[in-house]
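Hi there,

Here is the structure I promised to pass on. My notes follow just below it.

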Amino acid sequence: MSLRPVPGRRWFEAGIVAAALLALAWFATPARAQFSSVTPPFAKLTGGYLWGSLGYRDVRRPERFYVGDRHPFVRGGVAALLGPFGGQPDTIVTLDSVRTVVEWMQGKPSTPGAVRVDTLRTVHAVRSHHTLPGRDGWVSLAVGYQYAGAYRIDARGDRGTLAATFPVGGLYGSAWFGPFQVWHASRIMFWYATLGASVVQLSQANGTSDSTLVRFDTERALAPEFTLLLGWRAHRGVRLIGGIGAQHIRWSSVRYRSPSELPLADPVLRRLPPSLRLTSVHVNLGVSFDATDLFGR
């Protein structure tokens with residue numbers, strides 16, 4: 001048996017962050033004239049990304065990858081997109097072309113009867129340069145918030161026992177590499193590779209250890225995540241994006257206590273794991289939009 005905390009405050013915080021990011025993305029195009037006088041990253045704000053996912057994990061061995069979970073958990077997130085970065089500037093190539101012309105200059109006598117003096121003049125002319133246009137970047141940054149309401153673990157082994165269900169949410173950032181065209185597919189199809197991480201922390205999570213109720217907190221931890229995404233341009237400025245990713249969370253410090261905030265007995269503490277690891281596989285589905293294409297043209 002485990003107690004599940006009420007995630008109302010976290011949902012409220014997530015809603016505030018989501019509303020702020022959507023407002024920034026919505027007004028990105030009308031405010032472009034204002035952003036032009038401001039240094040990045042505001043000048044690079046291009047749109048937003050909304051997504052949801054189903055997460056699969058091994059409940060009894062949370063550190064392992066596993067896709068056979070019968071009760072996947074739901075996760076959602078929102079992010080502002082900035083970019084692209086990593087482009088190449090225009091390159092000016094100078095082509096030296098020298099043209100030499102020899103001209104015969106016929107002189108005029110200074111006085112009647114004087115000897116006329118003729119001269120040769122050599123003229124050199126240098127021509128031309130060429131500009132090689134650069135390319136747009138293929139790196140974008142996504143900055144936002146993601147939240148999952150029910151991570152479930154049932155750790156049993158040499159490190160102790162703990163059965164708990166708790167929410168996990170935190171600030172999220174990732175680098176998107178792409179879009180790259182799909183081989184032998186229409187130009188409306190493309191794919192991304194993303195590498196990101198979220199900052200997560202557990203606060204007043206509840207669980208059980210051999211029928212003993214416990215409450216635990218953790219310090220902030222960085223949870224890296226790698227994802228492959230396939231996209232489809234559904235409409236001008238709108239893209240449907242889906243894919244698969246993997247995330248690993250490790251809390252190296254866990255502080256346990258009783259629900260009444262009193263210290264736990266030593267035999268109970270010895271049963272509890274000193275650290276927590278969660279490894280999950282996610283199936284993602286979301287929608288992104290380009291603010292310039294959607295609202296500005």
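Asn206 sits in strand β8; strands here are DSSP runs of E with at least two residues, helices are runs of H or I with at least four residues, and both are numbered from the N terminus. This is a predicted model, in which local features need pLDDT of at least 70 and side-chain atom pairs count only at pLDDT 80 or more, while totals for chains, interfaces and linings use all residues. Residues are numbered from 1 along each chain as its sequence is written, and side-chain values use heavy atoms, with hydrogens and water left out.

Back to Asn206: its relative accessibility is 10%, so it counts as buried (under 20% relative accessible area; exposed is over 50%, partly exposed is in between, with a 1.4 Å probe and protein chains only). The side chain of Asn206 makes a polar contact of 2.9 Å with that of Arg215. By polar contact I mean a pair of N or O atoms within 3.5 Å; within protein, one must be able to donate a hydrogen and the other to accept it, and residues adjacent in sequence count only if both atoms are side-chain atoms.

Arg215 leads on to the charged pairs. Its side chain forms a salt bridge with Glu261, at 3.4 Å from N to O (the rule is a side-chain nitrogen of Lys or Arg within 4 Å of a carboxyl oxygen of Asp or Glu). Arg215 lies in strand β9 and Glu261 in the loop between β12 and α3 (266-271), so this pair ties together parts that are 46 residues apart in sequence. Arg215 is buried at 18% relative accessible area, whereas Glu261 is partly exposed at 44%.

Arg257 and Asp217 also meet in a salt bridge, at 2.6 Å from N to O. This one links strand β12, which holds Arg257, with strand β9, which holds Asp217, 40 residues apart. Both Arg257 and Asp217 are buried. Arg215, Asp217, Arg257 and Glu261 are linked in a network of salt bridges.

Now, which residues touch the most other members of the largest nonpolar core? They are Leu162, Phe166, Phe216 and Trp251, in a core of 24 residues. (A nonpolar core is a set of buried Ala, Val, Leu, Ile, Met, Phe, Trp, Tyr and Cys residues joined through side-chain atoms within 4.5 Å.) Strand β6 gives the largest share of this core, 4 residues. Leaving aside neighbours within four places in sequence, Leu162 has contacts (heavy atoms within 4.5 Å) that include Ile153, Val214, Phe216, Tyr256 and Leu276. Another core, of 11 residues, lies apart from the largest one and has Ala79, Leu81, Trp176 and Phe190 among its members.

Finally, some backbone points to look at. Most residues other than glycine have a negative phi, and most peptide bonds are trans. The Gly83 to Pro84 bond is cis, with omega near 0 degrees, and Pro84 is in strand β2 (residues 73-85). The Gly178 to Pro179 bond is cis too, with omega near 5 degrees, and Pro179 lies in strand β6 (residues 160-181). His184, in the loop between β6 and β7 (189-200), has a positive phi of about 60 degrees and is exposed at 70% relative accessibility.

Best wishes
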